[in-house]
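Reader: I'd like to learn how to read a few features of this model with you. Could you take me through them one by one?

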Amino acid sequence: MTAGALAVAPALPAVASPRTHTIVVDKMKFGPAPTGVRVGDTVAWVNRDLFRHSATSRNRAFDVDLPPGATGTAVMRTAGTFPYACRFHAAMTAQVVVAA
C-alpha cells in the first residue's frame, strides 16, 4: 500500500433487524401463523376475546398469558417448529415456525 492510500474493508452481509409478527386470538381460536419469523423476532399475541387465554409452547420455549383485551409477546430464541396451545382451552392449538 502506498502512503496516503486507505485500506477498504470487505462489505459485511446485511443483517435484518428483528421484526414483530402479530397473531390475533378471536372467537376461541388463534389467527393464522405469520410467515417469515426468524430467530430474534418477536411474536405478539393480541387477545380480542372475552376470555383469558395463553400461548404456551409444548416445549415451554414461551408461555404468554393473555387476559381479555391484552397483548403478550415472546422473542423467538431458537429455530424450529413450535406447536402451542391455550392452557385454559385445550382445543385451541396452533404452531409458529421460526427460521435461523
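Reader: Let's start with the surface: is K27 buried or exposed?

Author: First, the ground rules. This is a predicted model, where local features need pLDDT of at least 70, side-chain atom pairs count only at pLDDT 80 or more, and totals for chains, interfaces and linings use all residues. Residues are numbered from 1 along each chain as its sequence is written, and side-chain values use heavy atoms, with hydrogens and water left out. Now the idea: buried means under 20% relative accessible area, exposed over 50%, and partly exposed in between, with a 1.4 Å probe and protein chains only. K27 has a relative accessible area of 63%, so it is exposed.

Reader: And which residue does K27 meet in a salt bridge?

Author: A salt bridge here is a side-chain nitrogen of Lys or Arg within 4 Å of a carboxyl oxygen of Asp or Glu. K27 pairs with D26, at 4.0 Å from N to O. D26 is partly exposed, because its relative accessibility is 28%.

Reader: How many salt bridges are there in the whole structure?

Author: The search finds four. Take R52 and D65, whose side chains meet at 2.3 Å, N to O. That pair links distant parts of the chain, 13 residues apart: R52 lies in the loop between β3 and β4, D65 in strand β5. Strands, by the way, are DSSP runs (E, at least two residues), numbered from the N terminus. Then there's D63 with R87, their closest N and O atoms 3.1 Å apart. Through shared partners, salt bridges join R52, D63, D65 and R87 into one network.

Reader: What about the inside: which residues have the most contacts within the largest nonpolar core?

Author: In soluble globular proteins, nonpolar side chains tend to be buried together. A nonpolar core is a set of buried Ala, Val, Leu, Ile, Met, Phe, Trp, Tyr and Cys residues joined through side-chain atoms within 4.5 Å. The largest one has 18 residues, and F30, W45, F62, M76, Y84 and V96 have the most contacts inside it. The elements giving two or more residues to this core are β1 (20-26), β3, β5 (63-66), β7 (80-85) and β8 (93-98).

Reader: Where is A16 found, and how far is it from D41 in space?

Author: A16 is in the segment before β1. A16 and D41 are 25 residues apart in sequence and 9.9 Å apart in space, C-alpha to C-alpha.

Conventions:
Helices (H or I, at least four residues) and strands (E, at least two) are DSSP runs, numbered from the N terminus.
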